[in-house]
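Thanks for coming, everyone. Let me put the model on the screen, and then we will walk through it.

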Amino acid sequence: MASKKRRSSHSAFNLNDHKKTLHKNLEFTATEQYKLLRANIDFTIPEGVKCPIIGVTSSMRGEGKSTTAVNLSYVLAEKGSRVLLIDGDLRIPSIAKKMDIASSPGLTDLLMGKGAQMIDFQSNILKSWYILPSGDIPPNPSELLGSRRMQVVLNELKEVFDYIIVDLPPVNIVSDALSIAGLITGMVVVIREDYAEKKEVEKCFRQFKLSGVNVLGCVINGAKTGGRAYGKYKRYRYSKYYRYYQDEYVAHSEDGKS
C-alpha cells in the first residue's frame, strides 16, 4: 500500500509541476548554477570516495537549504548517477511537502529497524533519483542522526548509491547537523544574501571548526551581480563574503594548532 501511495504522489508532482523547487523548471541562469555546483562538488570530494555523503545545511532557517538539497541531488542524478536524497531534518521536515510525496515511511523507519524497500522511494521523474523522506518525527532527532544505527544504515546505502545528499537542520538552531558530521564526507553551507546575519554565519563556522566538520563549500542564495539578478544560486567562494569567512575560518584553525 505504501508503495502505491508513494508512486501516486510522484505522479501528482509531475502534474503539479512545482516550478519553485525543481531545477528543470527554473530559469536558465538558475539551472546553470546548479550544474556549476554539481561540477564543483565533484572537484571537492576527496579522491577514492566511492559514495560521498554530502550534508546540506545553513546557519538560520529560510536560507534555501532544502531547495538546494533537492536540486543538487537532482542534477547529480540527471547525469546518470544513482542518487539518494534523504530528509535528515527530523524536526521540521520539508522534502516530502516540496516533492508532494508521503512523509512516511522514511528515514526514521530505517533507523528503528522497521525496514523499507528502496524501490518505494524511486522517483518517477528520474529512474536514478531516490527520495527518502523523514518518516515520523522522533523525540530524539539529534541522538538518532549520530547513532550507531545511522552509521549502519548509511554504510548499507553507500553500497547501492553513487551519491547521498542529506538535508539537515540549521546549525545555529539545533545540534543535529553536527551530530552526523562524523558520518558524512562533507558539508555544503547555504547562505542567503541580504538575509543571513554576519554573526550567525560566523557562529556557524566556529561550530564547524570545533566539531571537525569538513566544509566542502558554500552556496549563496539570491546572489546579485552588477546590480541585477545573476541567478538563484552562485558558488559562494566568488563572493567577498565567502572570502571573509574563509579567512576567518583559516585564522581560527591556525590559532587552534598553535
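I will go from confidence to strands, then a helix, the cores and the cysteines.

First, a caution. This is a predicted model. Its mean pLDDT is 79. Of its residues, 74% reach 70 or more. Where pLDDT is low, the predicted coordinates should not be read in detail.

Now the strands. Start with β4, residues 163-167. How many residues of β4 are buried? The count is 5 of the 5, so β4 is largely enclosed by the rest of the structure. Look at its two faces. Tyr 163, Ile 165 and Asp 167 point one way. Ile 164 and Val 166 point the other way. Both sets are buried.

What does β4 pair with? One partner is β1, which runs parallel to β4 and is joined to it by 4 bridges. Within that pairing, Val 56 has Asp 167 as its bridge partner. Another partner is β2, also in the parallel sense, over 5 bridges.

Strand β5, residues 186-192, and β6 pair in the parallel sense over 6 bridges. Arg 192 has Asn 221 in β6 as its bridge partner. Strand β6 covers residues 215-221 and is mostly covered, with 6 of its 7 residues buried.

Next, helix α7, residues 148-158. Which of its residues are buried? They are Met 150, Val 153, Leu 154 and Leu 157. These residues span an arc of only 95 degrees around the axis, which puts them on the same side of α7. The background is simple. An α-helix has 3.6 residues a turn, so residues three or four places apart point the same way. And what does that buried side meet? It packs against β1, β2, α5, α6 and β4.

A quick stop at α6, residues 141-145, where Ser 142 sits. Buried or exposed? Ser 142 has a relative accessible area of 12%, under the 20% cut-off, so it is buried. Beyond its near neighbours in sequence, it touches Arg 91, Ser 175, Asp 176 and Ser 179.

On to the cores. In soluble globular proteins, nonpolar side chains tend to be buried together. Here the largest nonpolar core has 39 residues. Leu 84, Ile 86, Leu 107, Leu 157, Phe 161, Ile 164 and Phe 208 touch the most other members. Zoom in on Ile 164. Leaving out residues up to four places away in sequence, its contacts include Ile 53, Leu 84, Ile 86, Leu 154 and Leu 157.

Last, the cysteines. How many disulfides does the structure hold? The number is 0. Take Cys 218. Its sulfur is 7.9 Å from the closest cysteine sulfur, in Cys 204, and that is too far for a bond. Cys 218 counts as buried, at 2% relative accessibility. Cys 51 also counts as buried, at 2%. Cys 51 is one of the contacts of Ile 164, too.

That is the tour.

Notes
Residues are numbered from 1 along each chain as its sequence is written. This is a predicted model: local features need pLDDT of at least 70, side-chain atom pairs count only at pLDDT 80 or more; totals for chains, interfaces and linings use all residues. Side-chain values use heavy atoms; hydrogens and water are left out. A nonpolar core is a set of buried Ala, Val, Leu, Ile, Met, Phe, Trp, Tyr and Cys residues joined through side-chain atoms within 4.5 Å. Buried means under 20% relative accessible area, exposed over 50%, partly exposed in between (1.4 Å probe, protein chains only). Contact means heavy atoms within 4.5 Å. pLDDT is the predictor's confidence in each residue, from 0 to 100. A disulfide is a pair of cysteine sulfur atoms within 2.5 Å. Helices (H or I, at least four residues) and strands (E, at least two) are DSSP runs, numbered from the N terminus. The arc is that of the directions from the helix axis to the C-beta atoms. Two strands pair if DSSP finds at least two bridges between them.
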